[in-house]
Every structure is written in C-alpha cells, then in structure tokens.
Amino acid sequence: MDKVVLKALAKINLGLDVVGKKANGYHEVRMIMQNINIYDKVCMKKLAEDEIKLETSLSFLPVDDNNLAYRAAKLMKDEFGITQGVSIKIDKRIPVSAGLAGGSSDAAAVMIGMKKLFDIDVTKEKLKELGVRLGADVPFCIQRGTALAEGIGEVLTELPPIKRCNLLVAKPKLFVPTKVIYQNLKLDENTIHPDIDGLMEDMSNNDLYGMASKMGNVLESVSISMHPIIQEIKDKMLELGAVNSLMSGSGPTVFGIFDDEDKLEEAYKKLKETNLAPYVVTTHTYDVKK
Ligand code: ATP
C-alpha cells in the first residue's frame, strides 16, 4: 500500500468525572467517550527519503515535533524500525484546543496509517499501549466508538454503540489549555460528581432522556468560572430546545442533544445569529460499527 486516507474522529464526553489525583500529579478520571461525525482527513503516502513531511490546512499549527501527528509517525518509525519516510497531509476540520481531542485523534490516525502503509504486524491493543505515550486520549482515539475511560483515560472498557443522537456543537472564541483547568480543579466535599454508572445504564437502555439528565462534567465549574460564556452557550442551547447541554472535555466546546432534527436545524440557525460562538455545527454521534 503506497497511500492511505483516514478519518480522525472528534470525541465528546457524555460524562467526565475526576475521582482522584496520582502521586505524579496526573488526575484519575472516569469519562464516557463518544465519537461524533466531525473529523480531520488524514492522507498519508510513503516517501523514498527517510523523513516525516507534515502539512496541515491550518497555517498556525506546528508541523514539527510539536504536532502530535508528527510525534505519532516518529514513534512508529522508531518502535518498528521503519527507515522509509512518510508524507502526512491533514485537512483540519476539528476545532483546535476545543476539548474534542483533535490532536489525539490525528495521532491515532497516523499510528493506524503507519501500520497500514508499512504493513506493520502490530495489534490494536499494542498500538493503544504505545499511544498513551503521546497523550491520555490517544488510546481511545485508536479504539473509537463508545467507551468508559478510567485511569488517566487510557484504561478503556468498550461500551455498546448508543442510538444515534442529534447534536448541536458550538465553540466560543477562546483558548482553554487543558492543563490550566485541571490545575484549578479543587476536589472536596462540595464537588458535584456526575453519576457515571447511572449514565451508562441509561445509555445501555437507549433511554435518551435519562441519559441526557445524567450527563455531567466535573470540569465545567472550573472552565465556566474562568469563561462564563460557556454557561451562556449551555443556557442558550436549552432555551433553543436541547434536551440537555454540556461542555466537552476541559472545554470550551459545548454540545446540545436534540430529540428532533427540525428543532436542531432551527436551534442551529438561532445560535448562529448570536455572537456567542463563531463555530457552530450540527452533527450526530458516530457509530464506528456501522
Ligand atoms: P483534548 O480534548 O484532548 O484536551 P483539545 O481538543 O482540547 O484536546 P487539540 O486540538 O488536540 O486540543 O490541541 C491542543 C494543542 O495541541 C494546541 O495548542 C495545538 O497547537 C497542539 N497540537 C499539536 N498537534 C496538533 C494537531 N494535530 N491538531 C491540533 N492541535 C495540535
């Protein structure tokens, strides 16, 4: 194979809880990860020369070792002794620094692309083990679908696909570094933890309303206290008919779940008319099994 084209899917968190902190400073999480139909297009080709050539459609993104996709290719080359080079072109559609795991998903796609291009004999499990060196979300981005993520996000339990949900996704014009949000999270007796087990039960019963009512993200309070616009977008989505709305990851992206496609389209138009978010799209959950 000389060329591969892959979809690097974005994810949302239907639930995100932080249950502790490890001695090394990493937070222990319980998150429900769900792929959505927003993706970067990753095109990879073999090169005769031993180099990694990266291009992205966003000129402000790094194309060297600071890009997770580059690091993923380097990791695969080093780990499996690949002496040929690779060219990687990424058409970025997932908003950057959004809480949608764009960089992690590009890295995962590049790892899978390297396996395919160079016919590397490696299991997905092994790729996931390697992937965590690049970032805690990378193993999920390799596994894809719907999952409970524990540990620092790398201990994955696959969950059955949920019934397709209509989503409104909006990102305000903000840069929210994940690290800062976690650093400012204070866990004490006043912390409101989402009911992750109850959420999973409603998901397995295809109970959209139960699921929506149990969605929760413990990082919201931190991100919202720094950027109240996140709350404004959540409220606006509810006003426009969302069954519920939630911030994804450490934000600032907010998604709303809609039980009706016409309502979703109407809400999309109305949200676009506000100045709350320059990025507003309609999408749906992505079932990787279909
Ligand atoms: P997460 O949900 O895992 O916290 P995110 O969606 O918040 O991730 P990303 O879009 O992955 O954030 O990017 C965060 C930072 O990583 C940006 O500052 C960006 O410059 C850098 N970065 C490195 N590689 C990439 C990539 N391939 N795509 C996007 N950003 C990248």
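**Active site**

I began with the UniProt annotation "active site", which comes from an unreviewed entry and covers Lys11 and Asp137; positions are given in the numbering used here, the feature name is shortened, and such annotations may be inferred rather than shown by experiment. They span 127 residues in sequence, yet no two of their C-alpha atoms are more than 9.6 Å apart, so they gather at one spot.

I noted that this is a predicted model, in which local features need pLDDT of at least 70 and side-chain atom pairs count only at pLDDT 80 or more, while totals for chains, interfaces and linings use all residues. Residues are numbered from 1 along each chain as its sequence is written.

I looked up lysine 11 and found it in strand 1, residues 3-21 (strands, E, have at least two residues and helices, H or I, at least four; both are DSSP runs numbered from the N terminus). Lysine 11 counts as buried because it has 30 C-beta neighbours inside 10 Å (20 or more other C-beta atoms within 10 Å means buried, 12 or fewer exposed, and in between partly exposed, with C-beta atoms placed from the backbone). Not counting residues up to four places away in sequence, lysine 11 touches Met33, Gln34, Asn35, Ile36, Leu100, Ala101 and Phe140 (contact means that the two C-beta atoms, placed from the backbone, lie within 7 Å).

I then turned to aspartate 137, which lies in the loop between helix 3 (124-131) and helix 4 (138-143). Aspartate 137 also has a count to check, and with 29 C-beta neighbours inside 10 Å it is buried. Leaving aside neighbours within four places in sequence, aspartate 137 is in contact with Ala101, Ser104 and Gly153.

**Binding site**

I next read the UniProt annotation "binding site", again from an unreviewed entry, whose residues include Ser97, Leu100, Ala101, Ser104 and Ser105. I placed serine 97 in the loop between strand 4 (85-91) and helix 2 (102-117), and serine 105 in helix 2. Serine 97 is partly exposed, with 18 other C-beta atoms within 10 Å, whereas serine 105 is buried, with 30. Beyond four places in sequence, serine 97 is in contact with Phe175 and Val176, and the contacts of serine 105 include Ala8, Asp40 and Cys141.

**Lysine 186**

Last, I looked at lysine 186, in the loop between helix 5 (178-183) and helix 6 (196-204). Lysine 186 counts as exposed, because it has 8 C-beta neighbours inside 10 Å. I also noted that lysine 186 and valine 222 are 36 residues apart in sequence, and 8.7 Å apart in space from C-alpha to C-alpha.
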